[in-house]
Amino acid sequence: MTRHLRTPAAAVVLALLVAGGARAERHQVIFDTDFGTCPQDDCYALMLALQSPELEILGITTVAGNWSLEQGTADVLRLLEIAGREEIPVYAGADMPLMHEPSEYARTTYGSWWSDQPPTAPPGGFAQKKVEPLGAVEYIVDTIESRPGEVTILAIGPLTNVAMALRHRPGLAGRVKRLVIMGGAVATLPDGAGNITPGAEFNFWVDPEAAKIVLRSGIPIDLSPLNVSRKSSFTAEWFDELVANPTPVTELIRDGGRLWEGAPPDAVVHMYDQIAVASLIDPTLVTTTELYVDVDSNPGISYGTSLGGPRLWPGAEGAQKMTVQYDLDWERFIRMFIERVGGPLR
Ligand code: RIB
Ligand code: CA
């Protein structure tokens, strides 16, 4: 595969759009993440966002999910240093879901959101950069209120911070431009099984109450569920191409491991949060349909399961219609991803 188109491709794309008369929309973004350093998908996703001129990251808010809040915050501060993007502020948010108490199942299944262990040092040690004194919820409220109708929230972890902001300030939903969410699994579409329980996807399962509040908020939503994640297949070959050009970020990625820890060399890894970010950069990468989507927050076998349908059904009164991604132009996506994340830092 040739790599000679690598040089500032993202900037070239934006310049061509402008030169061609197309309106290149630059999205002002709050990036809400249950961050973990690479190879965690949130890390790859943030790098894609940072390397994309279509996105202006106003601030990063952290939430407990893949890891504890403290671990995620420590890791994202360090990533910003590695990427040379220390100017972006980081705000720590919720260290626990709204209601979900960690059970034995939670402790032995994927994710360390429940952990109260002190964070381990990120690659290269703890960052010099500090977390902001303002909390994530206050930051979300203040930012949306000061820029009504202008800010998109990219939420790639449990939706606790976003739900708390909406609860904190009634009327806030009407001032959010758009919400792009990685979360859920829609059984009425292909590849709609859960990844934590038979029906529930991780982000929605960690905080189903928050997911329900956010999905019913009235904010225009693009939902990037497991259905579309499962159209991705990140192999060792793509990985090698991603890290072919040494930069501080590709070295971090390379050192983070070829694929997930313990995976065999021929393993295929799905991409999750990266697709949500890419869909905001270029919506033509994904195929979508309009569905009502709601989340089961009742304790029991369906806790955290999302359901989607073309019309409302009994029990889903109050659910809202949203744009649901279910297919992906993988080849075009992965080429854009490698070009940007594997390329020179902006
Ligand atoms: O189910 C996929 C989601 O949970 C992603 O946001 C990923 O970070 C994972 O932990
Ligand atoms: Ca995530």
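Let's start where two helices touch: Tyr44, Met47 and Leu48 of α2 meet Met336, Phe337, Arg340 and Val341 of α13. Meeting here means contact, that is, heavy atoms within 4.5 Å. Sorted by type, the residues of this α2 and α13 contact are six nonpolar, no polar and one charged. Nonpolar covers Ala, Val, Leu, Ile, Met, Phe, Trp, Tyr, Cys and Pro; charged covers Asp, Glu, Lys and Arg; the others, Gly among them, are polar.

A word on what you're looking at: this is a predicted model, in which local features need pLDDT of at least 70 and side-chain atom pairs count only at pLDDT 80 or more, while totals for chains, interfaces and linings use all residues. Residues are numbered from 1 along each chain as its sequence is written, chains are lettered from A and ligands numbered from 1 in the order in which they are written, and side-chain values use heavy atoms, with hydrogens and water left out. Helices (H or I, at least four residues) and strands (E, at least two) are DSSP runs, numbered from the N terminus.

Back to the helix pair. Two packed helices are described by the angle between their axes and the distance between the axes. For α2 and α13 (residues 330-341), the axes come within 9 Å and cross at roughly 75 degrees. The axes are lines fitted to C-alpha atoms, for helices over the stretch in contact, and the angles run from 0 to 180 degrees between N-to-C directions. α2 and α13 therefore count as roughly perpendicular; that label takes 65 to 115 degrees, with under 35 being roughly parallel, over 145 roughly antiparallel and the rest oblique.

How much of α2 is covered? Ten of its ten residues are buried. Buried means under 20% relative accessible area, exposed means over 50%, and partly exposed is in between (1.4 Å probe, protein chains only). Helix α12 (residues 273-281) is also mostly covered, with nine of its nine residues buried, Asp273 among them.

The calcium ion (ligand 2) is coordinated at 2.2 to 2.6 Å by Asp34 (OD), Asp42 (OD), Asp42 (OD), Ile156 (O) and Asp273 (OD). One of these pairs links distant parts of the chain: Asp42 sits in α2 (residues 41-50) and Ile156 in the loop between β4 (151-155) and α6 (160-168), 114 residues apart. Along the sequence, the donor residues are spaced D-x7-D-x113-I-x116-D. Donors are N, O and S atoms within 2.8 Å of the metal (3.2 Å for Na, K and Ca), and sites may look incomplete because water is not among the atoms. Asp42 counts as buried because its relative accessibility is 0%, and Ile156 is buried at 0% too.

The peptide bond from Cys38 to Pro39 is cis, with omega near 20 degrees. Most residues other than glycine have a negative phi, and most peptide bonds are trans. Another backbone feature is at Asp191, which has a positive phi of about 60 degrees although it is not a glycine. Asp191 lies in the loop between β5 and α7 and is partly exposed at 35% relative accessible area.

Ala193 is in the loop between β5 (178-182) and α7 (202-206). Ala193 is partly exposed, at 41%, and touches Ala185, Pro198, Leu226 and Arg230, not counting residues up to four places away in sequence.

Now for helix α5 (residues 136-146), whose buried residues include Val137, Ile140 and Ile144. The buried residues of α5 pack against β1 (27-33), β2 (55-62), β3 (90-92), β4 and α6. In the loop between α4 (104-108) and α5 you'll find Trp114, whose side chain reaches the backbone oxygen of Gly111 at 2.9 Å. This is a polar contact: a pair of N or O atoms within 3.5 Å, where within protein one must be able to donate a hydrogen and the other to accept it, and residues adjacent in sequence count only if both atoms are side-chain atoms.

Finally, two strand residues. Gln320 is in β9 (residues 320-328), and at 12% relative accessibility Gln320 counts as buried. The Gln320 side chain reaches the backbone nitrogen of Gly218 at 2.5 Å. Asp222 belongs to β6 (residues 221-224) and, at 14%, is buried. Leaving out residues up to four places away in sequence, Asp222 touches Arg178, Leu179, Val180, Ile181, Thr323 and Gln325.
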